[in-house]
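Good morning, and thank you for coming.

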Amino acid sequence: LSDWLLQRFSAVVMAAYTVFIVGYILASPGLDYVQWKEFFECTGVRIFTLLTLVSTVAHAWIGMWTISTDYIKSTVIRFAFQVTCFLAIFVYLVWGIDIICGL
């Protein structure tokens, strides 16, 4: 139940972030690099972006874990797949945090 709730919550966060970004783009005609950079320098936008990144990572991990346990029957192959997915998702998380905090 907790995985199901976490995946649903993360989906809501990602959907809200998508609406937020699309709304900003539509409300800002002639958007240029300076405006975009100032937008992402705002603390609230950074926090929302970080929350969305963490939600994406959690959503991806739950999805890949579910797929691997449902469809990969061999324990060794399943373990290798899960470790590979975990490492890739972890790298994306660290890289995303570096991008968000390095603006």
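Lys37 is partly exposed, at a relative accessible area of 36%, and Glu41 is likewise partly exposed, at 38%. Here buried means under 20% relative accessible area, exposed over 50%, and partly exposed in between, with a 1.4 Å probe and protein chains only. Please note that this is a predicted model, in which local features need pLDDT of at least 70, side-chain atom pairs count only at pLDDT 80 or more, and totals for chains, interfaces and linings use all residues. Residues are numbered from 1 along each chain as its sequence is written, and side-chain values use heavy atoms, leaving out hydrogens and water.

The side chains of Lys37 and Glu41 form a salt bridge, 2.6 Å from N to O. The term requires a side-chain nitrogen of Lys or Arg within 4 Å of a carboxyl oxygen of Asp or Glu. One salt bridge is found in a search of the whole structure. Both residues belong to helix H2, four residues apart, or about one turn of the helix. Helices are DSSP runs of H or I with at least four residues, numbered from the N terminus.

Now to the packing. H2 (residues 33–41) meets H3 (residues 43–71) at an angle of about 75 degrees, their axes 5 Å apart. The two helices are therefore roughly perpendicular, a label for angles of 65 to 115 degrees. Phe39, Phe40 and Glu41 of H2 contact Thr43, Val45, Arg46 and Thr49 of H3, contact being heavy atoms within 4.5 Å.

Key:
Axes are lines fitted to C-alpha atoms, for helices over the stretch in contact, and angles run from 0 to 180 degrees between N-to-C directions. Angles under 35 degrees count as roughly parallel, over 145 as roughly antiparallel, 65 to 115 as roughly perpendicular and the rest as oblique.
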